[in-house]
Amino acid sequence: MSVRKEKDLQKYILMLINKPEDERSIDKAFSRLGLPIVLRFRGHGTANSEILDICGLDGTLRLISLCLVNKDALQNVLQKLESGLRLRRRGHGIAAVLRVTGLQDTIKRIVDEEEKQLASEKGDMSMEGTKTNTHSMIFVAADQGYSEDIIEAARSAGARGGTVIRGRRSGTEGVMTLLGMSTQEEQEFTMIIVEKSLRAAVMEAISSACGLKTPAHGIVLSLPVEEAIGLE
């Protein structure tokens with residue numbers, strides 16, 4: 001397997017967080033844009049009722065969509081999704097863009113070829129490069145049952161809420177023993193988008209309340225968000 005590293009890449013992950021009933025509209029938007037690889041999974045939102053009222057997001061179920069986008073097409077894709085899904089309007093979801101720093105060559109070729117074909121059919125899609133945004137995504141992997149504690153810790157440092165998905169941890173026995181964890185335990189993965197100015201304080205609060213040395217065995221990391229829509 002050949003892997004292309006950061007200096008050779010012009011790829012981004014576009015993540016959408018929407019209500020489940022928006023799935024058909026999102027699929028239509030992705031189809032019109034010709035995005036070749038889309039991953040879809042479900043989770044639940046954790047914002048308190050006040051924030052849910054402000055954002056217009058009823059209930060807690062969330063639809064999370066991930067797709068791979070070339071840098072040259074990114075701004076066009078964002079504009080089309082923003083217009084088609086009305087992301088800047090209350091209750092229509094959130095979009096965030098994360099930079100890819102490593103990718104299999106096979107996947108890179110698929111995305112490049114698909115976008116070249118789409119560009120030849122619909123005209124040049126390239127636009128100006130992305131702007132540096134002021135947000136970060138904090139990603140927390142912890143034992144199941146601690147997501148509410150994680151969110152409460154994040155809120156105490158200024159965060160507004162997050163999205164939680166469930167999965168399972170797997171790792172080598174030696175490393176897991178060293179970290180005081182057991183393998184194959186159910187996990188909850190919490191994603192929280194915050195302003196960069198809050199990142200360090202939120203991560204510190206989460207680590208203190210639910211970090212590796214606590215019963216939650218939480219692992220906390222942050223990812224840069226290149227663009228964010230729907231957080232106004």
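**Confidence and salt bridges in a predicted chain**

Okay, quick tour. This model is predicted. The chain's mean pLDDT is 77, and 73% of its residues reach 70 or more. Where is confidence lowest, and where is it highest? The lowest is helix 2, residues 49-55, with a mean of 43. The highest is helix 7, residues 196-210, at 95.

A caution here: where pLDDT is low, predicted coordinates should not be read in detail.

On to salt bridges. How many does a search of the whole structure find? Six.

Start with R40 and E23. Their side chains meet at 3.1 Å, N to O. R40 sits in strand 3 and E23 in helix 1, so the pair ties together parts 17 residues apart in sequence. R40 is partly exposed, at 26% relative accessible area. E23 is partly exposed too, at 23%. Both belong to a salt-bridge network that links E23, D27, R40 and R42.

Next, R99 and E226. The closest N and O atoms are 3.0 Å apart. R99 is in strand 5 and E226 in strand 10, so this bridge joins parts 127 residues apart in sequence. Buried or exposed? E226 is buried, at 10%. R99 is partly exposed, at 42%.

Last, R155 and E152, at 2.7 Å, N to O. Both lie in helix 5, three residues apart, about one turn of the helix. R155 is partly exposed at 21%, and E152 is partly exposed at 47%.

Terms used: Residues numbered from 1 in each chain as written. Predicted model: local features only at pLDDT ≥ 70, side-chain atom pairs only at ≥ 80, totals over all residues. Heavy atoms only, no water. pLDDT = per-residue confidence, 0-100. Helix = DSSP H or I, 4+ residues; strand = E, 2+ residues; numbered from the N terminus. Salt bridge = Lys/Arg side-chain N within 4 Å of Asp/Glu carboxyl O. Buried < 20%, exposed > 50% of the residue type's maximum accessible area, 1.4 Å probe, protein only.
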